[in-house]
Amino acid sequence: MPDAVVIGAGPNGLVAANLLADAGWSVEVLEAQEEPGGAVRSDRGVHRDFVSDLFSAFYPLAAASPVLARLDLAAEGLRWSHAPRVLAHPLLDGRCAVIERSVQETASGLEAFAPSDGDAWRDMHEIWKRVGPDLVRAMFTPFPPVRAGIRLASKFRAAGGLRLARKLALPVRRLGEEEFAGAGGRLLLAGNALHADLSPEAAGSGGFGWMMSMLGQSHGFPVPVGGAGMLTATLVSRLQRRGGVVRCGEPVVSVVVRGDRAVGVVTAGGEAVDARRAVLADTSATALYRDLVGQEHLPPRLLRDLERFQWDFATFKVDWALRGPVPWTAPMAAGAGTVHLSDGIDGLTRFASQIAMGRVPDEPFALLGQMTTADPSRSPVGTESAWAYTHLPQHISSDAGPDRITGRWDTREQEAMADRVEAQVERFAPGFRALIGARRILAPTTLQAMDENLHNGAINNGTTALHQQAVFRPTPGTGRPETPVKGLYLASAAAHPGGGVHGAPGANAARAALRTRGLRSLRHRAQHM
């Protein structure tokens with residue numbers, strides 16, 4: 001009998017398992033899919049000569065994560081690679097806003113949009129240097145982040161106090177207008193904000209866009225050499241070297257609760273796997289509470305709160321094997337690993353507004369990855385392994401375009417949406433379609449079938465909006481991984497601090513399990529002294 005059973009071998013589940021193994025616990029990880037990794041996997045499914053990342057691809061949060069740093073995955077063979085440029089947002093007139101690897105080069109490029117914008121970017125980065133490391137530590141610490149929060153509060157006061165807090169609370173459109181005279185800096189902030197399900201007018205989107213932009217400036221948007229799956233492989237190998245077990249093709253169908261305590265799980269094959277100390281769930285909150293635990297073990301208030309749980313946007317992704325580099329009209333986009341494609345901030349607002357109305361956007365905001373540019377091992381010399389994704393409503397009411405897409409995602413609808421994404425790329429890179437050697441379409445339903453946590457293609461396990469963060473994540477409560485069932489911990493991005501590959505939800509759950517067990521042992525010893 002293992003000390004702990006971890007449901008799900010995504011990055012958070014594997015981080016949790018590693019930390020428990022480091023503490024001397026025996027750990028068994030049960031994964032529903034036939035391979036580990038969750039949304040951190042790669043394959044050669046588009047073309048045998050091309051490595052394609054199935055889901056996530058660029059990892060600024062992993063690069064900044066103190067959780068992953070402490071695991072020392074480099075000792076397991078993990079290596080990172082960077083594109084010559086971090087990120088680009090081209091415009092149809094050939095101009096291009098770029099985050100370069102150097103602050104000074106980024107600033108110089110923004111001065112082409114407005115002479116004062118270089119200094120504005122430098123000022124933003126100086127503030128990040130003061131508060132960024134403590135902000136990241138506070139975010140990735142179990143809630144409430146007492147020690148990290150005290151340090152952060154001190155740095156915040158020195159960096160502007162309430163005025164800085166106001167900036168971070170602004171919608172990203174307003175933040176860009178206040179900080180930059182030209183379009184370049186505004187585009188970088190807004191495009192990064194829309195990595196989450198935040199519109200340019202959403203409160204707090206300015207803070208998110210600023211954080212992602214500054215992470216890109218300070219850490220880059222690195223990729224694992226050889227594919228996203230290499231990050232998973234090193235987490236698995238580290239765990240196995242410490243005695244942990246990972247079993248794939250073993251979906252869990254229920255958590256066994258006795259005496260108000262989680263004591264194990266049952267798999268789809270009918271196997272009961274007991275846990276001596278804890279069960280940790282790298283699953284969505286809705287799947288854990290509604291499907292695995294059962295309402296008879298949960299307080300009615302939690303069940304009512306789950307009815308208000310909000311998923312983030314659906315996602316539609318296309319992978320390509322390209323016969324040559326993308327022919328950008330804006331030359332500066334050629335060296336960027338990540339490229340944002342929209343008609344300025346107004347285009348982003350229009351896109352987000354259509355999603356809010358339940359409409360499939362007619363001109364999708366596309367986030368495009370040039371993976372061979374970022375890691376030359378991904379495809380043969382002179383070619384490009386590329387992808388793009390866009391967001392859609394969770395529930396489609398109508399199509400703003402001409403294709404009558406309804407969300408059935410049959411072959412016709414998948415092909416029509418993929419063509420629409422390609423048409424958006426073609427606007428900024430005429431001749432792009434002629435370079436496509438092969439493509440793969442991953443519709444929202446396909447993404448969920450490949451990883452149950454990606455509900456209809458939701459990549460953050462719940463909205464990033466302020467009303468479902470911190471003490472509101474996944475439902476109003478403490479913002480911690482403990483659940484109403486003793487010995488059961490939520491270890492996924494559904495828990496604080498949310499989405500992204502950084503390992504914090506898994507680490508928080510592991511620490512909570514270790515702390516609870518430690519306190520029980522202390523109480524037991526005290527009672528028998």
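Start by selecting glycine 24: just after helix 1, this residue takes a positive phi of about 95°. You're looking at a predicted model, where local features need pLDDT of at least 70, side-chain atom pairs count only at pLDDT 80 or more, and totals for chains, interfaces and linings use all residues. Residues are numbered from 1 along each chain as its sequence is written, and side-chain values use heavy atoms, with hydrogens and water left out.

Step back to helix 1, residues 11-22. (Helices are DSSP runs of H or I with at least four residues, strands are E runs of at least two, and both are numbered from the N terminus.) Ten of the twelve residues in helix 1 are buried, meaning under 20% relative accessible area with a 1.4 Å probe, protein chains only. Color a few of them, including Pro11, Leu14, Val15 and Leu20.

Next, jump to alanine 97 in strand 7 (residues 96-100). Is alanine 97 buried or exposed? It counts as buried because its relative accessibility is 0%. Now show what alanine 97 touches: leaving aside residues up to four places away in sequence, that's Leu87, Ala88, His89, Phe113, Gly184 and Leu188. Touching here means heavy atoms within 4.5 Å.

Last stop: select helix 4 (residues 103-110) and helix 5 (residues 117-139) together. Which residues meet here? Val103, Gln104, Thr106, Ala107 and Leu110 in helix 4 contact Asp117, Gly118, Trp121, Arg122 and His125 in helix 5.

Key. Expected span 1.5 Å × (residues − 1). Buried < 20%, exposed > 50% of the residue type's maximum accessible area, 1.4 Å probe, protein only. Axes fitted to C-alpha atoms, helices over the stretch in contact; angles between N-to-C directions.
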